[in-house]
Structure formats: C-alpha cells, structure tokens
Amino acid sequence: MKDIYFTITGMNYYYGSDFLKKGMKVKLVKEPDNEYDKEAIRVELKGLGKIGYVANSPHTVIGESKSAGRMYDLMKKKAKAKIVIVTSKGALCELKSDI
C-alpha cells in the first residue's frame, strides 16, 4: 500500500489533543449513517473511544494529506493508523492497514 496520510480533526469536541503523541495507534471506523457526512470516518483510541474524525474539508486538512472523501474507498469498514505529528490544527496520521 502506498503511504496514505490524513488529518484527525474535531478533537476539541472530545478530549482535545494535548495527550496525543507521535507513534500512538488509532483505529478508523467508517460511519456511512452519519447524518452530517456520508463519507465520515470516526477516529478512536483504545480506552477512550471516539477522539475525532478524519478531516473532510480543505479548511481542516493539513498540507497534502487526504480528506475522508478521498480515503473512503481506499479502506474497508475499519483500519489502523499511526500518529505522525500533532499540531495546533490537528494530528497528521499514516494509514497502516485494514482490520
């Protein structure tokens, strides 16, 4: 699989991002029934649950990372990812594998 990077956004609605560190593993779960975004991908951290979503707007995506809409068909229902860097705008992550 080619390297695929994405941004976690919306973390301030849950636990914030102060605790996130480079190398932490997260789980991605598609939410096709999400009433706001049919391509929503939820981001979960073991022990906490939902910590945010894969960014799906040019205003929330960091750099050239992929939006949820561009990633949606590249993954199955669930996938694993790893945090690469945490910034004030969001966390940049690398997609690792499907579950």
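The questions and answers below concern this predicted model.

Colleague: Which residues have the most contacts inside the largest nonpolar core?

Modeller: The largest nonpolar core has 22 residues, and the elements that give two or more residues to this core include strand S1 (5-9), strand S4 (49-54), helix H1 (68-71) and strand S6 (91-98). Within that core, the residues with the most contacts are Phe6, Ile8, Leu28, Ile41, Val54 and Met71.

Colleague: Which residue is the bridge partner of Ile8 in S4?

Modeller: Strands S1 and S4 run antiparallel and are joined by two bridges. Ile8, leaving aside its neighbours within four places in sequence, is in contact with residues including Val43, Ile51 and Tyr53. In the pairing with S4, the bridge partner of Ile8 is Val54.

Colleague: Which residue of S6 is the bridge partner of Phe6?

Modeller: S1 and S6 also pair, in the antiparallel sense and over four bridges. Phe6 is listed among the residues with the most contacts inside the largest nonpolar core, and its bridge partner in S6 is Cys93.

Colleague: In the hairpin of S3 and S4, which residue takes a positive phi?

Modeller: Four bridges join S3 to S4, and the two strands run antiparallel; in this pairing, the bridge partner of Arg42 in S4 is Tyr53. The hairpin has three residues between the strands, and the residue that takes a positive phi, near 90 degrees, is Gly47.

Colleague: What is the phi of Gly90 in the turn between S5 and S6?

Modeller: Seven bridges join S5 to S6, which run antiparallel, and Val86 stands opposite Ala91 in S6. The two strands form a hairpin with four residues between them, and in its turn the phi of Gly90 is positive, at about 155 degrees.

Colleague: Is Glu44 buried or exposed?

Modeller: Glu44 lies in strand S3, and its side chain makes a polar contact of 2.7 Å with the side chain of Arg42. Leaving aside its neighbours within four places in sequence, Glu44 is in contact with Val26, Lys27, Val29, Gly49, Lys50 and Ile51. The relative accessibility of Glu44 is 19%, and because buried means under 20%, Glu44 counts as buried.

Colleague: Which side chain is joined to that of Glu94 by a polar contact of 3.4 Å?

Modeller: Glu94 has its place in strand S6 and is buried, with a relative accessible area of 13%. Leaving aside its neighbours within four places in sequence, Glu94 is in contact with several residues, among them Asp3, Tyr5, Phe6 and Val84. The polar contact of 3.4 Å joins the side chain of Glu94 to that of Lys96.

Colleague: How many residues apart in sequence are Lys2 and Lys96?

Modeller: Lys2 is found in the segment before S1, and at 70% relative accessibility Lys2 counts as exposed. From C-alpha to C-alpha, Lys2 and Lys96 are 9.7 Å apart in space, whereas in sequence their separation is 94 residues.

Colleague: Which residue lies over the face of Tyr72?

Modeller: The structure holds zero aromatic pairs, but a ring can also be considered together with a charge, where NZ of Lys or CZ of Arg has to be within 6 Å of the ring centre. At 4.2 Å from the ring centre of Tyr72, the residue over its face is Lys30.

Note on methods. Residues are numbered from 1 along each chain as its sequence is written. This is a predicted model: local features need pLDDT of at least 70, side-chain atom pairs count only at pLDDT 80 or more; totals for chains, interfaces and linings use all residues. Side-chain values use heavy atoms; hydrogens and water are left out. A nonpolar core is a set of buried Ala, Val, Leu, Ile, Met, Phe, Trp, Tyr and Cys residues joined through side-chain atoms within 4.5 Å. Buried means under 20% relative accessible area, exposed over 50%, partly exposed in between (1.4 Å probe, protein chains only). Contact means heavy atoms within 4.5 Å. A polar contact is a pair of N or O atoms within 3.5 Å; within protein, one must be able to donate a hydrogen and the other to accept it, and residues adjacent in sequence count only if both atoms are side-chain atoms. Two strands pair if DSSP finds at least two bridges between them. Rings of Phe, Tyr and Trp (its six-membered ring) pair if their centres lie within 6.5 Å; planes under 30 degrees apart count as stacked, over 60 as edge-to-face and the rest as tilted. A charge sits over a ring if NZ of Lys or CZ of Arg is within 6 Å of the ring centre and within 35 degrees of the ring normal.
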